[in-house]
Amino acid sequence: MLDPGVVDSAQTAAGIDWAAVAGYSGLIAVALTLTLIAVTTLWWMLYAWRSKSTYDSTAFSKEPLAPRHTFTLLVPGRHEEEVMGQTLDALAAQTHPDVQIIAIVGDDDPGTTAVVRAAADRHPDRIEVVVDDSVPKNKPKALNRALAFAGGDVVGVFDAEDEVHPDLLRHIDSRFSETGATVVQGGVQLMNFRTTWWSLRNVLEYYFWFRSRLHFHAGAKFIPLGGNTVFVKREALERNDGWDAECLAEDCELGVRLSSQGEEVAVAYSPEYVTKEETPGTLKSFYKQRTRWNQGFLQVLRKGEWRSLPTRGQRLFARYMLAMPFLQAATGLLIPLSVFLILVVKVPTAVALLTFIPLAPTIVTVAVEIAGLGEFGRLYRQRVRVIDYVRLVLGTIPFQVLLAGAAIRAVYRELRGERGWEKTEHTGAHREESPFIDVRGNRIAEEVAA
């Protein structure tokens, strides 16, 4: 171990070792930053459970009001032959009386085009097909192309692989009537938690995000919307010229823009009505997906719509949340430096103790995630094994390293001006983990995965 007094002879007349001071300051800064991120994340994760009344208010009403709205559902798909046909069949089975479904495909994607046209032939009264000839192609451009054909009062967005409950739109309609909101965000849940080592943590991320955190954001009047199962009054979309075609997180950007305009956003989560999805099938795909989301958040931060929020607290909150990729990237770079300093430099006892502060909220967070995994299993009739809990704990640090790496890549791409859309592939793995729905919306199987 090197003594701080001999690390560098370049000291001031007062005998201050500036190299040591810089190293200790870096350690403390990393510790405090990690603690702040861990504490706020933990608070957001637990928000829905702070009281019984809060928990009950997060769900859809048990008895929905009679339908008062008309719906247009936009379903963009690119190279989604394996999953999009079943999704369109399920959406066509919605029990709501007035639903228009627009399937959006690229002019260079004959495989998906054939699948959606076959679905339109099966459900000619509900499904229409819009061809997107934009170059280069991305999701917001596809949505904007289809918006011109939307006839419903409310426009909803679904992804090509979504598993949707047949009664969902009745409950969404009721939520609009009950709240008078401009936007209603429904729940989304990844299901295939056994597929890969990171899928378990990805599933829990979604569980806490839609079950709790988005309700906190809605209460704070600043909400980054989810990418699907989100419903917006068509008038508000048309007034805002739809989605930002250049943003890699068009859902977040739209939510920030509408929040900044003071529009009311309602969030509802009931396990029986969540939209079920799958985790990315490969580590590379997950890494690129998370990079895209982080880079989109940075774009929204740079765009600055959040500066129109009415209160200083909201603006500070918006800046902190949208800058999270920067914070993750910075801490990801500083952690190895901190470990090096601890191993090589003789650290004063007070500084060493400070570096352990982030462990407390981190341990509590892991405990909450363990409880959350158990609740997920009960709610979705999934058998959670002992090995799953072990995988959850052991995957904590590797998953955080993976997120930090994606954040660093997002910052790098944004600084270089690389904003190409990196698509996430889908195979329908979640449909092996959840109840199936036939073309009439009937439950085929309700088995618990062994």
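Which residues form a nonpolar patch on the surface?

1. Val 386, Ile 387, Val 390 and Leu 394 form this patch, with about 400 Å² of accessible area together. Patch residues have over 30% relative accessible area and no salt bridge, and nonpolar side chains (Val, Leu, Ile, Met, Phe, Trp, Tyr) are joined within 5 Å. A salt bridge is a Lys or Arg side-chain nitrogen within 4 Å of a carboxyl oxygen of Asp or Glu. Areas come from the Shrake-Rupley method with a 1.4 Å probe.

2. The model is predicted: local features need pLDDT of at least 70 and side-chain atom pairs pLDDT 80 or more, while totals for chains, interfaces and linings use all residues. Residues are numbered from 1 along each chain, and side-chain values use heavy atoms, without hydrogens and water.

3. Leu 394 lies in helix H15 (residues 386-394); helices are DSSP runs of at least four residues, strands of at least two. Leu 394 counts as exposed because its relative accessibility is 63%, where exposed means over 50% and buried under 20%.

4. Strand E4 (residues 154-157) is covered on both faces, with Val 154 and Gly 156 buried on one side and Val 155 and Val 157 on the other. E4 runs parallel to strand E1 (residues 71-77), joined by 4 bridges, and antiparallel to strand E7 (residues 230-233), also through 4 bridges. Strands pair if DSSP finds at least two bridges between them.

5. Leu 74 has Val 157 of E4 as its bridge partner. Contacts of Leu 74 (heavy atoms within 4.5 Å) beyond four places in sequence include Ile 102, Phe 158 and Trp 243.

Technical notes: Patches are made of residues with over 30% relative accessible area and no salt bridge: like charges are joined within 9 Å, nonpolar side chains (Val, Leu, Ile, Met, Phe, Trp, Tyr) within 5 Å. Buried means under 20% relative accessible area, exposed over 50%, partly exposed in between (1.4 Å probe, protein chains only).
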